[in-house]
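Here is a short report for a reader meeting this protein chain for the first time. Please keep the model open while reading.

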Amino acid sequence: DEGVPYLEQLQELSHDARAQMRQVVAATREADLDQELAQAAHLADAAGIVLTLSDEGHPPEGKTSQVAAHLVRESMANVVHHSGADRVWVELSPVRVSVHDNGRGAGRSRAAAGQKTIADSQQSAHAGQRISTGLESLEKRAEGVGTVTWGPADGGGWHVTFVVNPVDGADSPALSMVGDTVRPVSEGALS
């Protein structure tokens with residue numbers, strides 16, 4: 001009987017170590033945006049979720065494209081496993097990538113729509129549990145090339161958005177494209 005607490009602690013440590021190892025493996029894998037979009041369509045179809053894709057072009061190749069691909073991967077995994085959504089929208093442009101679902105979202109008191117903090121993400125009601133550190137690792141991946149935000153979306157659901165940093169000295173189309181709301185599109189539905 002004295003050993004039970006130690007066994008429980010060992011079991012918890014083992015679980016945490018496995019989770020961390022999965023994160024390391026996932027974080028080091030290369031990601032291709034087109035492959036992730038195809039996988040997103042497959043996941044959505046298998047889960048009975050209608051996926052709508054709006055593709056106005058892809059972010060630049062290299063680190064920026066990698067962040068976009070990882071965002072699609074992480075967001076779709078979260079939609080399928082946690083959101084309870086029956087619709088998801090993926091919007092792509094050279095300066096912005098966004099995934100928005102119509103699922104449970106998070107409590108409005110946690111964060112303003114479209115915004116988050118680490119504390120908010122750790123206590124989020126999205127899926128009734130702590131958000132995976134996958135979103136936090138996306139934020140780290142984006143350092144130097146853009147900004148990743150996530151949180152409850154206006155009108156319900158959840159969004160994850162990556163906005164590419166403007167090129168120094170250039171007019172930034174991102175400034176006119178970043179809004180408070182990710183709006184659904186009516187074309188390009190995938191099944």
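**The whole chain**

This is a predicted model. The protein chain has 6 helices and 6 strands. Read from the N terminus, the order of its elements is α-α-β-α-β-β-α-α-β-β-α-β. Of its 191 residues, 41% count as buried. Among contacts with a separation of 6 or more, 66% link residues 24 or more positions apart.

**Helix H2**

Helix H2 covers residues 33–47. Its N-terminal end is capped by aspartate 32. A side-chain oxygen of that aspartate lies 3.2 Å from the backbone nitrogen of aspartate 34. After H2 comes glycine 48, with a positive phi near 75°.

Which residues of H2 are buried? They are Leu33, Glu36, Leu37, Ala40, Ala41 and Ala44. These residues lie on the same side of H2, because they cover an arc of only 145° around the axis. The general rule is that an α-helix has 3.6 residues a turn, so residues three or four places apart point the same way. The face of H2 turned away from the buried side carries exposed residues: Gln35, His42 and Ala46.

**Alanine 44**

Alanine 44 sits in helix H2. Is alanine 44 buried or exposed? Alanine 44 counts as buried because its relative accessibility is 0%, and the cut-off for buried is under 20%. Leaving aside residues up to four places away in sequence, alanine 44 touches Ile49, Leu51 and Met76.

Helix H3 is mostly covered, with 15 of its 21 residues buried. Just after H3, glycine 84 takes a positive phi of about 75°.

| Helix | Residues | Length | Span | Expected span |
|---|---|---|---|---|
| H2 | 33–47 | 15 residues | 21 Å | 21 Å |
| H3 | 63–83 | 21 residues | 28 Å | 30 Å |

The span of H2 is close to its expected value. The span of H3 is also close to its expected value.

**Strands E1 and E2**

Strand E1 (residues 50–55) and strand E2 run parallel, joined by 6 bridges. Leucine 51 has valine 88 in E2 as its bridge partner. Leucine 51 is also one of the residues touched by alanine 44. How many residues of E2 (residues 87–93) are buried? The count is 6 of 7, so E2 is largely enclosed by the rest of the structure.

**Strands E4 and E5**

Strand E4 (residues 146–152) is mostly covered, as 5 of its 7 residues are buried. E4 and strand E5 (residues 158–164) run antiparallel, joined by 7 bridges. Valine 148 has phenylalanine 162 in E5 as its bridge partner. E4 and E5 form a hairpin, with 5 residues between them. In the turn, glycine 155 has a positive phi of about 85°. As a general point, side chains in a regular strand alternate between the two faces of the sheet.

Methods. Residues are numbered from 1 along each chain as its sequence is written. This is a predicted model: local features need pLDDT of at least 70, side-chain atom pairs count only at pLDDT 80 or more; totals for chains, interfaces and linings use all residues. Side-chain values use heavy atoms; hydrogens and water are left out. Helices (H or I, at least four residues) and strands (E, at least two) are DSSP runs, numbered from the N terminus. The expected span of a helix is 1.5 Å times one less than its number of residues. Buried means under 20% relative accessible area, exposed over 50%, partly exposed in between (1.4 Å probe, protein chains only). The arc is that of the directions from the helix axis to the C-beta atoms. A polar contact is a pair of N or O atoms within 3.5 Å; within protein, one must be able to donate a hydrogen and the other to accept it, and residues adjacent in sequence count only if both atoms are side-chain atoms. Contact means heavy atoms within 4.5 Å. Two strands pair if DSSP finds at least two bridges between them.
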